[in-house]
Amino acid sequence: QGTWHDAAALSALSEGEPYGIEIGHHHIALYRVGNEYYATSNICTHAEALLSDGMLDGCEIECPLHMGRFDIRTGEALSSPVEIDIQTYPVRAAGDRLEVCLP
Ligand code: FES
């Protein structure tokens, strides 16, 4: 299920700095935590702020608008005011590129 898409150079992804991209109509946020990479929807489920403008704290992304938090590994909504989980996407490294699998 899903299709793999080229997303970004691995070198573009810095620890603790979310990176926003668009693939077709999908807004995706990419994250690096140590040597692990993650991808979620970039649109907060509360009021459509861009999570890539937020602060990454370990594996939690904090929305810049109302400080709601999501776990980037599972998409789980962790703290008020966010209640709806965020979509996550599988990622894989391919050479020096990161690929993301979209539905
Ligand atoms: Fe993200 Fe409100 S828009 S917490």
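Which residues of the largest nonpolar core touch the most other members? They are Tyr31, Cys44, Leu51, Ile61, Phe70 and Ile72, in a core of 15 residues. The model is predicted: local features need pLDDT of at least 70, side-chain atom pairs count only at pLDDT 80 or more, and totals for chains, interfaces and linings use all residues. Residues are numbered from 1 along each chain as its sequence is written, and side-chain values use heavy atoms, with hydrogens and water left out.

**Cores**
- A nonpolar core here is a set of buried Ala, Val, Leu, Ile, Met, Phe, Trp, Tyr and Cys residues joined through side-chain atoms within 4.5 Å.
- Buried means under 20% relative accessible area, with a 1.4 Å probe and protein chains only.
- Beyond its neighbours within four places in sequence, cysteine 44 is in contact (heavy atoms within 4.5 Å) with Ala49, Leu51, Cys63, Phe70, Val82 and Ile86.
- Another core, of 14 residues, lies apart from the largest one and includes Ala8, Ile21, Ile23 and Tyr89.

**Fold and shape**
- The protein chain has zero helices and 11 strands, strands being DSSP runs of E of at least two residues and helices runs of H or I of at least four.
- The radius of gyration, taken over C-alpha atoms, is 13 Å, close to the 13 Å that the globule rule (2.2 Å times the number of residues to the power 0.38) gives for 103 residues, so the chain is as compact as a globular protein of that length.
- Along its principal axes the C-alpha trace spans about 40 × 25 × 20 Å.

**Burial**
- Of the 103 residues in the protein chain, 42% are buried.

Definitions and conventions. Buried means under 20% relative accessible area, exposed over 50%, partly exposed in between (1.4 Å probe, protein chains only).
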